[in-house]
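Please look over the structure below before reading the numbered points. They are meant to be read with the model open beside them.

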Amino acid sequence: MEDLAIIRLYWDRDERAVAETDLKYHPYCYTIARNILTNHEDSEECINDTWFRAWNAIPPQRPQILSAFLGKITRNLSLDRYRKRTAEKRGGELNLIDLELDDCTSGREIDEDLNVEETARIISRFLKESDLASRVLFLRRYWYADSIGVIAKRYSMSESAVKSNLHRTRVKLKERLEKEGVTVG
Amino acid sequence: MKNDKLLDAIGQVDDSLIDEAEHVRRAPKPKPTPSFWRRWGSLVATLILVIGLTCGFIFLGRIFSFGGFDSSSYQEASDMESVPSGEDTETTEEEAGDVSGESSQEGTLNASEKITDESSPGSTEDHSSYGQAAGPAEPEETAPMTHTPGTAGEGNAETTKPEGITGDSPESELLTEPPALYVNGAEIRSGSYEWTFPDGDEMSTIFACGAFVLDREDTITAIQLYGQDSLKLETVENGLESISAYCYSGDSWGNDQAEPMELTVDGTVITLPDDSQDWILVVTLTWEDENYSGNAEYYFTVHQN
């Protein structure tokens, strides 16, 4: 079913909206959740929570890109769940991603007063100014939490080429954040 | 985690970026390299066929000249008709020349394979060895340039498109990847690019991202210069919007912190730095055509002899 038709079902408060969303976007959202949580049960729970959140959010919201809208909810829920886990249970890509992102923050804690929305706008602008390969690789890694190996396979690249590209993008992002006055500790 | 807030901020980037990262396709994988026998077998078969036909023509020519064949008349004809025999010999040599011409052409193709930028594992460079330079990128259509010293600065700097690009170009063809770039006769395939083209009812965007240019020492195309202070570029002209270039000094291999130097580009001519040393060049071309659009980076080194 087309996204517009699914969104219409939400607006009509038709419960088929959830079924159609699950049918079309379960694999997409599951991949995001699984990348972060590395656990099937937790990932499935996140998916169910995502459908619930979407049901409550539409209306009044009318997503322009339904996949991104749902993906964001899944990602946020998965991150929340990940953070609630005990430290010893942590693992997977997110620990590696956290280490890699030190390049953007010089390894220091980001300022508590950091405005997430404003920083997101700066990052969006930065990515739109970057070349396609760099922004796609960056988002696959730090938004979708794909492993380096998965990204390399997805785009027919060597892992070293992916790492090299990501490293350069992180360094450039750090420069941009500092230039824009984002406090990094 | 230390970077929780940054992760949250990344999570809130524009939906269009998230969507793009999900739907951008990878560049198509190059076709498998033909095996030795597939590559050379056809040439050998052609040679055998041409030699066979040549001998056949000579043989038949003699038969038809003397109305039939028997060993004695053939011998007799050979003894008597020295002039026609010589003509036949000429023809044979001519045809043999064709054969060797074909052979040398094949050799040229293989020579170009050797100078083609080898891709990092899995990347999509070096299509030339698979005969994929079909369409406008074929050397026959955009012949390798001959450098004319002193042409730099002769271009029309007021034109928005590179010199010679807006001329009588034939109607553009659909290109599903950036065309080859020709520099001093060397064919260079793009090492990194993003490329958009019609794919059915939709526009498809693909990208290829190889290794960082300074990590390509073993695979990059090397171009010999003979006192040249500029380089002329040749490629598909339709839709060519801009050319820019920068370079690293030749000893920058593996140096992630090396500072690039911007190069002057006048039309399709790049002026090299004054120093007569080796340079590692990155040339970026952009196209905007109804059948394709995108930008592509080409990497090569230049070495002054």
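Predicted model: local features only at pLDDT ≥ 70, side-chain atom pairs only at ≥ 80, totals over all residues.

1. Which residues of α2(B) are buried? They are L17(B), I18(B) and A21(B). These residues lie on the same side of α2(B), because the arc they cover around the axis is only 100°.

2. The contact as a whole involves 57 residues from chain A and 40 residues from chain B. About 4,500 Å² is buried between the two chains, and carbon and sulfur atoms give 59% of that area.

3. Charged pairs also occur at this contact. Between chain B and chain A there are 7 salt bridges by the rule used, and 16 residue pairs are in polar contact, both residues being at pLDDT 80 or more. On the side of chain B that touches chain A, the elements giving two or more residues are α1 (4–11), α2 (15–23) and β5 (202–209) of chain B. Sorted by class, that side of chain B has 17 nonpolar, 14 charged and 9 polar residues.

4. Two of these bridges can be checked by eye. One joins the side chains of K72(A) and D15(B), with N to O at 2.8 Å. In another, the side chains of R135(A) and E20(B) meet at 2.6 Å, N to O. This pair crosses between chains, with R135(A) in helix α8 of chain A and E20(B) in helix α2 of chain B. R135(A) counts as buried because its relative accessible area is 12%, which is under the 20% limit. E20(B), at 21%, is partly exposed.

5. Now chain A by itself. Chain A has 10 helices and 0 strands. Of its 185 residues, 54% are buried. Among contacts in chain A with a separation of 6 or more, 65% are between residues 24 or more positions apart.

6. L66(A) counts as buried because its relative accessibility is 0%. S78(A) also lies in helix α4 of chain A and is buried, again at 0% relative accessibility. Not counting residues up to four places away, S78(A) touches A33(A), I36(A), L37(A) and C46(A).

7. In helix α7 of chain A, E118(A) and R121(A) are 3 residues apart, about one turn of the helix. Their side chains meet in a salt bridge of 3.2 Å, N to O. E118(A) is partly exposed at 32% relative accessibility, and R121(A) is partly exposed at 44%.

8. Chain B has a pair whose partners are both under the limit for burial. E187(B) and R189(B) form a salt bridge, with 3.8 Å between the closest N and O atoms. Are these residues buried or exposed? E187(B) is buried, with 6% relative accessibility, and R189(B) is buried, with 3%.

9. In chain A, salt bridges link D42(A), E45(A), D49(A) and R81(A).

Methods
Residues numbered from 1 in each chain as written. Chains lettered and ligands numbered in written order. Heavy atoms only, no water. Contact = heavy atoms within 4.5 Å. Buried area = accessible area lost by both parts, 1.4 Å probe. Salt bridge = Lys/Arg side-chain N within 4 Å of Asp/Glu carboxyl O. Polar contact = N/O pair within 3.5 Å; in protein donor to acceptor, adjacent residues only side chain to side chain. Helix = DSSP H or I, 4+ residues; strand = E, 2+ residues; numbered from the N terminus. Nonpolar A, V, L, I, M, F, W, Y, C, P; charged D, E, K, R; others polar. Buried < 20%, exposed > 50% of the residue type's maximum accessible area, 1.4 Å probe, protein only. Arc of directions from axis to C-beta.
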